[in-house]
Amino acid sequence: MKKLLFVFASLALVATASAEGTEMKASGDFRVRYWNNDNPAGATGAAADAESHWDQRANVGFTYAKSEDLSFHLGLNHNSTWGTAPVQSGTHAGTADLLVTEAWGFWKATDSMAVKFGRGALDWADGTVISANTWEQTQKVFEGIMANYYSEWATIGFFGVKGFDTVSANTATDIPEGNFYGFTFDVKNLPDWMKGFKAHVLQ
């Protein structure tokens, strides 16, 4: 059983700057965790999984908005496990990742229609359908396009995601690309006894 003993630090940063009619907002968080894994062997003669380690993660995001109708977001993620990526004489060993986890654009075409495209996270129905899974060192992200239509009674969304696109060495047996599509329905103005009504169709 994996036990998370404590979260050492959490830092949130918010800053705003304006230049030539473009507003820039920065945000981020920093996390350090200590793990103590003590998993007994599942069979006679098998080795137990017992180890402990520290890991850390830093997320930084920058959003540039020309107006409420047009914006761009860039998200960076650095994560590492302590001791696996020491710096010696200017060289790096082990693993310490710096990733572009989000890079998306947003365009509000009309008062009732908006489009978001690029790389970003999907988090639907409080993470029960699709989740960004921010518990992990690197969140789950997708690349594609999503369009939302807003009405008085519901928000209707369509999305298309490219799961992977590879040049197959054996096109007769391998799948060169994978895509999935879907619709989302989020009903508004519900009775007091109903917390929410959301429907999702995935293909």
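**Figure 1. Overall view of the predicted model.** Read along the sequence, the protein runs β-β-β-β-β-β-β-β-β-β-β-β-β. This amounts to 13 strands and 0 helices, where helices (H or I, at least four residues) and strands (E, at least two) are DSSP runs numbered from the N terminus. The model is predicted, so local features need pLDDT of at least 70 and side-chain atom pairs count only at pLDDT 80 or more, while totals for chains, interfaces and linings use all residues. Residues are numbered from 1 along each chain as its sequence is written, and side-chain values use heavy atoms, with hydrogens and water left out. Of the 203 residues, 23% are buried (buried means under 20% relative accessible area, exposed over 50%, partly exposed in between; 1.4 Å probe, protein chains only). The accessible surface is about 13700 Å², and carbon and sulfur atoms hold 59% of that surface (Shrake-Rupley method, 1.4 Å probe; for residues, only the protein chains shown count as cover). Among contacts (heavy atoms within 4.5 Å) with a separation of 6 or more, 46% join residues 24 or more positions apart.

Figure 2. Two strands pair if DSSP finds at least two bridges between them. Strand β11, residues 154-165, pairs with β12 in the antiparallel sense over 11 bridges. Within this pairing, D165 has E177 of β12 as its bridge partner. β12 also pairs with β13, again in the antiparallel sense, over 6 bridges. Here V187 stands opposite F197 of β13.

**Figure 3. The largest nonpolar core.** This core consists of 7 residues: L122, W124, I130, F142, M146, F159 and V161. β10 and β11 are the elements that give two or more residues to this core. A nonpolar core is a set of buried Ala, Val, Leu, Ile, Met, Phe, Trp, Tyr and Cys residues joined through side-chain atoms within 4.5 Å. Leaving aside residues up to four places away in sequence, V161 touches L122, F142, E143, G144, G178, N179 and F180. In soluble globular proteins, nonpolar side chains tend to be buried together.

**Figure 4. Two asparagines with positive phi.** Most residues other than glycine have a negative phi. N133 has a positive phi, near 55°, and lies in the loop between β9 (113-120) and β10 (142-150). With a relative accessible area of 35%, N133 is partly exposed. N189 is not a glycine either, and its phi is positive at about 55°. N189 sits in the loop between β12 (177-187) and β13 (197-202), and counts as exposed at 68% relative accessibility.
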